[in-house]
Amino acid sequence: MIRFEDVAKIYGTGATGFEALGGVSFQVRAGEFVAVVGPSGCGKSTLLNILGLLDQPSRGLYALGGREVGTLGDGERSQLRRVKIGFVFQSFNLLPRFSALENVALPMSYAGMGMEERRARAAGLLDRVGLKSKSLQTPLELSGGERQRVSIARALANSPDVILADEPTGNLDSRSSAEILGLIRELHAQGKTVFLVTHDPGIASSAERVLSIKDGRIIEDRRR
Amino acid sequence: MRLWELIRTGLFEIYAHKTRSFLSFLSISIGVAAMLYTFSQVNGMFVQFNKALDLVGHGRLEIERKEDYRSRGLSPGLTYQDALALRRLMPELHMVSPVAQQWSQRFRYGGFSSEEPVLYGVTPEWAKRDWVYTLRGRFINDDDVLFAKRVCVMRMPGGWDEKPWWAVFWEDSKYDDFAAHNDLLDRQITLGDNLFTVVGVIKEPPRDKDPRWFSREWGSPIYIPISTYQKIMRLSNRGGKPDEVREINIDVGRGELVPAYQRRIKAVLLERHRGEEDFKIIDFRDRFQNILKNQRETARQVMAVGIVAILAGGIGIMNVTLATIYSRIKEIGIRRAIGARRRDILLQFLLEAMTLGFFGGIAGIALGYGGIWYLGRRSAETLAALELWHFAATLAIAVGTGFIFSVIPAYQASRLDPVEALRYE
């Protein structure tokens with residue numbers, strides 16, 4: 001499903017260049033639940049950005065679903081990102097002036113879905129994360145845990161194969177964290193491929209595979 | 001992303017930043033109003049031109065003395081006899097109207113006395129010329145001229161229907177005030193040393209409705225038979241040439257005949273003036289064109305102001321778009337992360353700016369229409385001259401301004417690196 005071969009990301013050039021990711025290789029099968037752990041600044045986020053097609057590798061090969069995608073142009077990457085990948089961020093990244101429903105529906109509008117269909121689908125997704133009653137509230141009116149649930153619903157908007165969660169519980173209390181992790185595990189159970197970036201070993205332990213990264217390299221690839 | 005949703009997001013943003021949006025509206029709308037004003041002026045000019053042409057006729061000529069001509073002593077100057085000769089030689093002409101003019105004849109009636117009125121010696125044909133008056137009594141007739149009768153026709157000023165704003169400093173002269181408020185029909189007045197009977201009073205149309213914008217008779221005229229005029233000039237011994245006239249107005253009928261008659265009249269007068277060309281024959285259409293040229297110049301200046309205002313508005317829109325983008329870098333990142341293409345982002349900001357321009361245009365049309373309506377009360381045709389396409393054109397200009405000035409900021413927004421944008425706080 002996902003194959004990285006010697007993927008590197010270098011910012012700047014020559015002697016002043018900074019190697020955020022230094023030749024990473026791994027493969028992930030469809031439906032795997034992978035935790036990416038490591039200290040901050042180790043290259044986790046860079047890895048995730050490349051995985052999510054927000055960034056391009058400086059070198060190496062990135063194949064998604066059997067297709068080389070690391071070198072695609074911006075338009076094609078955007079399109080793939082829209083349908084294949086769902087992002088869940090630590091700071092939620094919801095649009096503050098839009099209602100929960102509109103936030104969830106936004107990726108569908110970029111996919112060209114009609115208004116009615118979008119509304120119905122977004123409402124269904126909010127129901128699935130347990131926020132049916134709060135669909136018309138804006139993010140500012142929701143609690144942290146609720147916001148993260150909205151953003152999970154948004155990540156599912158175009159039924160992606162891959163969920164990329166970057167410290168999804170970093171800003172949440174322990175109860176909300178447990179709820180969110182439960183939701184993510186549920187997604188995994190439904191067959192989504194999940195990447196979960198975290199620095200919390202306890203959270204990492206809920207994954208079936210843990211990639212440990214340090215200084216831009218994989219130092220351990222452990223399956224349970 | 002559908003168009004309507006992009007516009008809706010734009011409206012959202014405009015509403016969320018009221019002051020910023022209002023300032024952009026303001027400058028755009030001033031520009032649009034100025035544009036609209038220019039359109040109405042230019043159009044009004046053509047309407048006025050045609051109206052005036054209908055009034056004076058398409059075949060109008062005016063023979064005048066050449067002001068800077070140095071006589072060789074052969075020519076008697078432009079005289080009443082010239083007019084009579086033209087009338088005799090070309091009886092088919094619609095009008096041959098000589099006008100002689102004398103300033104500062106003391107007017108007296110009862111206790112009132114004034115040197116303001118100007119004495120005009122005319123023939124009955126004068127009444128064929130730009131007749132916009134309402135007449136009480138009668139005008140000078142052939143008998144009056146034949147027998148050099150001591151009769152006169154007085155002019156009553158028309159005043160204003162609705163006094164326009166610029167006429168605040170307009171003051172009627174003492175004589176005009178007197179003439180407007182005293183009915184002198186059939187009374188006897190004194191002009192210089194001579195007693196005249198007022199046989200007619202012509203009332204001008206209100207100043208703001210007067211279609212004779214091309215030639216106003218300044219001063220306050222009193223019309224007498226041209227023969228009487230010559231007689232009192234001879235008697236008064238004040239020098240000057242009693243036979244001389246200021247102008248001869250001619251109407252040849254149709255516009256196509258003008259060049260031919262210009263040549264014929266010139267030949268006749270040259271012969272009568274013994275080869276001295278101390279006169280000029282003016283085609284009225286040329287005179288109109290000259291006046292219109294001035295108006296066009298004014299319109300061009302207003303247009304320049306409008307363009308500057310629209311430019312300022314456009315720069316305002318650019319500013320707003322830039323500010324919007326800077327305050328929404330994070331949002332751009334989020335949108336990119338959930339699948340927006342560069343094109344989607346570009347389109348979104350372009351449409352927001354165009355929406356801003358659209359509403360600025362609407363506001364400008366309201367402002368401009370109101371302003372033109374207010375200014376236009378002085379002459380009915382200016383406002384009537386605004387056509388539907390003017391509104392459409394100005395609106396298009398406003399929207400186009402929004403488009404042009406947001407291309408660069410919107411392009412910049414679309415080129416933002418999504419990773420950087422997402423990290424932006």
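1. Which are the buried residues of helix H5 (residues 174-181) of chain B? In this predicted model, they are B:Tyr175, B:Asp176, B:Phe178 and B:Ala179; buried means under 20% relative accessible area, exposed over 50% and partly exposed in between, with a 1.4 Å probe and protein chains only. They cover an arc of only 160 degrees around the axis, which puts them on the same side of H5(B); the arc is that of the directions from the helix axis to the C-beta atoms.

2. The face of H5(B) turned away from the buried side carries the exposed residues B:Lys174 and B:His181. Helices (H or I, at least four residues) and strands (E, at least two) are DSSP runs, numbered from the N terminus.

3. In chain A, an open sheet of six strands has the order E6-E7-E8-E3-E9-E10, with mixed pairing; two strands pair if DSSP finds at least two bridges between them. Strand E6 (85-88) and strand E10 (217-223) of chain A stand at the edges, each with a single partner strand, so one side of each is left without a neighbour in the sheet.

4. Strand E9 (residues 209-214) of chain A pairs with E10(A) in the antiparallel sense over six bridges. Within E10(A), A:Glu220 is the residue opposite A:Ser212.

5. Residues are numbered from 1 along each chain as its sequence is written, and chains are lettered from A and ligands numbered from 1 in the order in which they are written. Local features need pLDDT of at least 70, side-chain atom pairs count only at pLDDT 80 or more, and totals for chains, interfaces and linings use all residues, while side-chain values use heavy atoms, leaving out hydrogens and water.
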